[in-house]
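Please open the model in your viewer and keep the sequence panel beside it.

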Amino acid sequence: MNGKDNHKKYYSKEIRDLVKNRFSCVLAFVFGLILYSQLMSQQLVNAYDGLWEYTYHAAGKWELSLGRWFWLYLDKIRFGVSNDPWTSIMTILLFSAGLYLISDLFCLGDRKVTFLFSALFLSSTAVCVSLSYRFMSPVFGCAFLLSVLAAWLTLKSDRVILPVLAGSLMVALSMGAYQACLGCTCLVIAGYLLWKLNSPEVSWRQLGLYMGKSAAMLSVGGILYVLLLKVHLAIFNTSLSTYNGADSYSLWNTLKKLPVTIKNAYSIFGMYFFKDLYKTNLFQHYRIYLLLFVAAGVFLVIGLLQVWKRSRIRAVCYLALILALPIAANAVSLVATDVGMSIQMTAPLALFLPILICVAGKMECRFKAYFLARLAGGLAVLVALWGNIYQVQVDQNAMYEGKTAAGAMAEGILHELAEEDCLNPDLRYCLVGIPAGNRLFYVSEAYSRSNNYAMVGVGWTDPESAMKSWRGIFHYFCGVNLNIWPTSACQEEMAQADIANMPVYPDPGYVKQVGDVVVIKVN
């Protein structure tokens with residue numbers, strides 16, 4: 001049998017292994033569809049860009065200025081259309097496919113472990129917030145899938161050049177879609193190396209090959225991403241934006257600020273899991289993450305002891321890799337040194353514990369108490385999964401309640417404008433205040449337990465963002481094209497209307513026309 005036949009045989013085996021656990025992938029996908037059924041059926045979006053860019057958006061120079069050049073092509077593939085349920089189904093499928101590749105990379109034969117780690121990630125607020133940015137949710141899903149595919153292509157094959165080049169291209173495409181998913185690539189690689197360090201049949205030569213291929217793939221992928229970005233910036237005559245550190249990409253900047261960015265990586269990690277940076281689980285206040293990390297720590301210590309018996313040097317590498325996991329999850333902050341953390345960037349952090357589940361799932365131990373440790377760890381994961389599920393239910397319901405309340409208020413305003421003969425497409429409209437600030441704005445107690453992104457009706461308080469939010473409410477919830485202006489552009493008309501002494505919605509007199517500007521005081 002020649003070399004060509006050997007390669008064919010090898011890849012046919014890889015394909016067979018890949019489809020072996022398809023049941024777990026399908027089950028996770030169905031779980032995701034059920035979990036986010038309210039978001040899809042009620043056409044829910046978040047209070048920010050999701051509301052401003054509702055069902056149609058064509059990426060352009062702004063996205064390119066953020067370094068997301070591949071987004072331009074992804075939008076052309078789907079024609080800028082982002083209606084539900086199709087868009088969210090597509091995104092959930094992309095996330096599920098990425099999780100399936102992780103399960104295949106770790107050779108998880110246990111369907112229960114595969115489903116648990118997949119469900120824990122799919123039920124995270126990182127996925128929920130991604131879906132709420134409906135105009136770009138497939139971009140999030142695609143970036144995640146490509147980031148995982150980069151690690152899978154690099155580590156799955158014993159060959160070197162072709163897998164490294166293929167993985168590098170995936171990294172460049174993933175970062176060109178959404179840079180934060182670089183942390184997913186690094187985290188999957190780190191988890192894989194932890195597993196292999198604890199595998200006695202894996203030699204130092206193989207470990208060196210894994211690490212060398214990964215380092216080469218990430219380096220070449222980063223260089224390729226920057227080169228392709230510069231080409232697109234030149235073609236479209238665009239420069240990088242200062243927004244969220246997009247203009248801070250440079251090797252020198254990365255090296256110079258490395259001590260600061262590493263410290264920031266640990267700080268973000270600590271705030272996410274232990275300081276309630278975001279509401280990610282309804283059991284957060286009961287220290288569910290502390291319980292999970294204790295459980296994970298037991299398995300990692302067992303792994304460390306096993307490695308220590310075989311090789312002291314391996315044990316040191318194992319411990320160093322554990323300490324580097326938070327840095328891997330926040331890898332984007334090492335590249336874009338001025339980047340700020342937002343909830344839509346937390347996919348790598350949401351993947352952190354699922355990766356540890358994969359590592360623990362591959363661990364073998366002869367201790368009598370090991371079975372009890374696995375059982376206790378599984379129960380802890382189930383509790384966390386339950387808390388995740390209900391947190392995203394709270395967030396979805398907050399979007400629904402906010403949409404209903406804000407839409408009802410907008411309908412009342414439209415009725416008053418018609419009564420006052422002020423409903424005219426040639427007029428300008430200036431709304432003072434936000435829906436949630438009005439006493440008639442009703443939401444349940446659970447609304448306050450949701451994340452900020454889900455609080456439709458609250459929005460941002462700066463004039464430009466408030467204007468975009470009101471436009472979204474009237475345009476997409478009511479189907480009316482009002483020419484809404486920010487309050488900062490209507491100061492003179494607001495002064496003439498004596499805004500301080502105007503009553504608020506729905507009291508008579510909350511609408512006042514000054515020239516071609518209609519001032520509406522909501523709160």
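**Stop one: a pocket and its lining**

Select helix 11 (161-177), helix 12 (182-197), helix 13 (204-235), helix 14 (251-256), helix 17 (312-329) and helix 18 (332-335), each of which supplies at least two residues of the lining of the largest pocket. Helices here are DSSP runs of H or I with at least four residues, and strands are runs of E with at least two, numbered from the N terminus. This is a predicted model, in which local features need pLDDT of at least 70 and side-chain atom pairs count only at pLDDT 80 or more, while totals for chains, interfaces and linings use all residues. Residues are numbered from 1 along each chain as its sequence is written, and side-chain values use heavy atoms, with hydrogens and water left out.

Helix 13 gives the largest share of this lining, 14 residues. Now select L182, L218, S219, L334 and V335, which are the closest to the pocket's centre of the 38 residues that line it.

**Stop two: helix 8**

Among the buried residues are F117 and F121, and what covers the buried residues includes helix 2 (22-35) and helix 20 (370-419).

**Stop three: a hairpin**

Finally, select strand 3 (residues 511-514) and strand 4 (residues 517-521), which pair in the antiparallel sense over 4 bridges; strands count as paired if DSSP finds at least two bridges between them. Q513 has V518 of strand 4 as its bridge partner, and in the turn of this hairpin G515 has a positive phi of about 65 degrees.

Definitions and conventions
Buried < 20%, exposed > 50% of the residue type's maximum accessible area, 1.4 Å probe, protein only. Contact = heavy atoms within 4.5 Å. 1 Å grid on protein atoms, 1.4 Å probe; cavity = no way out; pocket = protein on both sides within 12 Å on 5 of 7 lines; lining within 4 Å.
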